[in-house]
Amino acid sequence: MNFVKAFAPATVANVACGFDIFGFAVKEPGDTVELRRRDEPGIVITDITGDEGRLPRNAEKNSVTGVMLYLLKHLGITDFGCEVVLHKNMPLGSGMGSSAASAVAGVVAINEMLGKPLTRQELLPFAMEGERIASGSAHADNVGPSLLGGFVVIRSYNPLDIFTIPVPGDLYCTLVHPDIEINTKDARFILRNEVSLKNTIAQMGNVAGLVAGLMQADYDLISRSMVDVIIEPVRSILIPQFKEVKQAAIDHGALGCSISGSGPSLFALSRGVENAQKAGAAMKDTFADAGIASSLHVSSINQGGAVVLTE
Ligand SMILES: Nc1ncnc2c1ncn2[C@@H]1O[C@H](COP(=O)(O)OP(=O)(O)O)[C@@H](O)[C@H]1O
Ligand SMILES: N[C@@H](CCOP(=O)(O)O)C(=O)O
């Protein structure tokens, strides 16, 4: 196969109470990668669109190609060469899994070009290495859902144990990205290493409640469980107007609202697309009242994850 194009969607990681263990993908936006075979060995980035020239062109430093190098090394392939074009369709440092979408698109595309030696599940550890390149931490709550689709739970990192749970069909996500940038690396650095027993108990209750609420389509339980007493109080200080925007989402019909990934994006979950749109408009207006421009995406949960666009 001489040409492959793949798309990988943006993701909401943590989902309020599930730091590093919950994530789901949305339908749009997402990154697209094009791979073209070349005769000489080596992976070369020939173009990146949509990044205003800010992303590394060095294949080892960009998550889209770093994962390809890991995969080739694992498979013992030394004579493979391709040119890579990356179309970035989301901002960097967004909390929408930007680096993860590139990593997943990259690993899915090269696996396809090589004739699918690995399954989707088997690609996960390589996509996680893309996150290490971007933020120094190989967390799976963005790459997992972007690769596999659905609402992903990471029960364990060592050994890696990841599964998806069903969610109600009428569940919609509102994603609002204010025009500021927060690097995941920095947002991880400010977290405390110690957690009180009281907060651990509260967080475990909400984790259990959110899983049960999603699986039983119990919207009240989902709403009551979208509470993060550990991470959100620390990170929300990095996001101007956080409290006001969150309150606006809840006042306009959202079940709950929190930081998407490490921020600055906020996400809300709602029952039905109309509620998700109403919450989104209110969130955007609240940022605008404070002079902050933002972009808005409303989507159901993406059940399929990354896709190969051309054979
Ligand atoms: N293909 C890529 N897409 C986005 N960021 C990348 C990519 N490759 C490397 N990076 C680096 O990753 C960092 C952004 O990732 P991260 O902080 O996790 O943001 P996000 O929450 O949007 O994924 C930046 O330092 C950026 O240079
Ligand atoms: N669990 C991670 C998720 C980071 O998501 P991103 O979209 O901000 O890269 C964390 O919270 O650090």
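This is a predicted model: local features need pLDDT of at least 70, side-chain atom pairs count only at pLDDT 80 or more; totals for chains, interfaces and linings use all residues.
Local features were taken at pLDDT of at least 70 and side-chain atom pairs at pLDDT 80 or more, whereas totals for chains, interfaces and linings use all residues. Residues are numbered from 1 along each chain as its sequence is written, chains are lettered from A and ligands numbered from 1 in the order in which they are written, and side-chain values rest on heavy atoms, without hydrogens and water.

Helices are DSSP runs of H or I with at least four residues, numbered from the N terminus. Just after H2, Gly115 adopts a positive phi of about 90 degrees.

H2 also contributes three residues to the shell around ligand 1, the most that is given to this shell. The shell holds 17 residues, of which Asn62, Ser94, Ser99, Ser102 and Thr184 come nearest, a residue being counted if one of its heavy atoms lies within 4 Å of the molecule. Polar contacts are pairs of N or O atoms within 3.5 Å. An oxygen atom of ligand 1 lies 3.0 Å from an N or O atom in the side chain of Ser99, while polar backbone atoms of Gly93 and of Gly95 are each found 3.1 Å from an oxygen atom of this ligand. On its own, ligand 1 has 560 Å² of accessible area, of which the protein covers 89%, areas being computed by the Shrake-Rupley method with a 1.4 Å probe.

Around ligand 2 there are 15 residues, and those that come nearest are Asp20, Asp141, Arg188, Arg235 and Ser262. An oxygen atom of ligand 2 is 2.7 Å from a polar side-chain atom of Arg188, and a distance of 2.7 Å likewise separates an oxygen atom of the ligand from an N or O atom in the side chain of Arg235. For the side chain of Thr184, the corresponding distance from an N or O atom to an oxygen atom of ligand 2 is 3.0 Å. Taken alone, ligand 2 exposes 350 Å², and the protein buries 98% of that area.

Key:
Helices (H or I, at least four residues) and strands (E, at least two) are DSSP runs, numbered from the N terminus. A polar contact is a pair of N or O atoms within 3.5 Å; within protein, one must be able to donate a hydrogen and the other to accept it, and residues adjacent in sequence count only if both atoms are side-chain atoms.
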